[in-house]
Amino acid sequence: MKLIAGLGNPGTEYAYTRHNMGWLSVDFIAANNNLGRPSHDFHGELWKWNNVLLLKPLTFMNASGLSVGETVNYYRIELEDVLIIYDDMALPFGRLRLRAQGSAGGHNGLISVLGALGDLHVPRLRIGIGKPPGSMINYVLGHLSGDEREGLPEILNRVEAAVDSWLNTDIQKAMSYVNKNNDENPSV
């Protein structure tokens, strides 16, 4: 069993904000694979897809670890079989980076997840949202601009391809595919 968790915030006011890139990714994958409506389990929305679980924690970003931790513990999922998808200001908008492990880099949602799982060895797919021109909070919680919304389908297609690579190859090959592909073909 593998788990893909997209981080974000519940509520219509957060729909299509930069901070909800993880949620947008999970919604996109669920819709593209005709997974229907999710169940409401483990403080989140959960889809079962073959031997994969898709999770959107409903706990708000800073408490995402509660939902992810409960799901991992219930299904006894190995940490190498967990993929966390989230936004990252350190990357240009639309750039993807896949990593096998590491620190949270100051991202409160990932801090919560890593704390709940008690380990830094958790694969993650970072989606670049770029650096804020002003207030960090206003930027990450701000809605995507017109140009960003226009580029979103292409970004989400690349996220799905990255997830597919992670699901079907080992982490090193998936990282090579995702990170090299993004360096050669950045989106925006």
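This is a predicted model: local features need pLDDT of at least 70, side-chain atom pairs count only at pLDDT 80 or more; totals for chains, interfaces and linings use all residues.

1. A polar contact is a pair of N or O atoms within 3.5 Å; within protein, one atom must be able to donate a hydrogen and the other to accept it. The side chain of asparagine 20 reaches the backbone oxygen of tyrosine 14 at 3.4 Å. Asparagine 20 sits in the loop between β1 (2-6) and α1 (21-32), and its relative accessible area is 2%, so it is buried. Apart from residues up to four places away in sequence, asparagine 20 touches Leu7, Gly8, Asn9 and Tyr14.

2. Lysine 56 belongs to strand β4 (residues 52-57). Is this lysine buried or exposed? Lysine 56 is buried, with a relative accessible area of 6%. Its side chain makes a polar contact with the side chain of aspartate 27, at 2.8 Å. Not counting residues up to four places away in sequence, lysine 56 touches Gly6, Trp23, Val26, Asp27, Gly44, Glu45 and Trp47.

3. Leucine 98 is part of strand β6 (residues 96-99). Its relative accessible area is 1%, so leucine 98 counts as buried. The C-alpha atoms of leucine 98 and leucine 125 are 4.5 Å apart in space, while the two residues are 27 apart in sequence. With neighbours within four places in sequence left aside, the contacts of leucine 98 include Leu83, Arg124, Leu125, Ile171 and Met175.

4. Helix α3 covers residues 108-117, and its buried residues include Leu110, Val113, Leu114 and Leu117. What covers the buried residues of α3? The cover includes helix α2 (64-75) and the strands β5 (82-88) and β7 (124-128). Glycine 118 follows α3 and has a positive phi, near 70°.

5. Two residues deserve a check of their backbone angles. Most residues other than glycine have a negative phi. Phenylalanine 42 is not a glycine, yet its phi is positive, at about 55°. Phenylalanine 42 lies in the loop between β2 (39-41) and β3 (44-49). Residues under 20% relative accessible area are called buried, so phenylalanine 42, at 17%, counts as buried.

6. Asparagine 50 also has a positive phi of about 55° although it is not a glycine. Asparagine 50 is placed in the loop between β3 and β4. Is asparagine 50 buried or exposed? Its relative accessible area is 75%, so asparagine 50 is exposed.

7. Now the whole chain. The protein has six helices and seven strands. Along the sequence they follow the pattern β-α-β-β-β-α-β-β-α-β-α-α-α. The radius of gyration is 15 Å, close to the 16 Å that the globule rule gives for 188 residues, so the protein is as compact as a globular protein of that length. Taken along the principal axes, the C-alpha atoms fill a box of roughly 40 × 35 × 35 Å.

8. Of the 188 residues, 53% count as buried. Among contacts between residues at least 6 apart in sequence, 71% join residues at least 24 apart.

Terms used. Residues are numbered from 1 along each chain as its sequence is written. Side-chain values use heavy atoms; hydrogens and water are left out. Helices (H or I, at least four residues) and strands (E, at least two) are DSSP runs, numbered from the N terminus. The radius of gyration is taken over C-alpha atoms; the globule rule is 2.2 Å times the number of residues to the power 0.38. Buried means under 20% relative accessible area, exposed over 50%, partly exposed in between (1.4 Å probe, protein chains only). Contact means heavy atoms within 4.5 Å.
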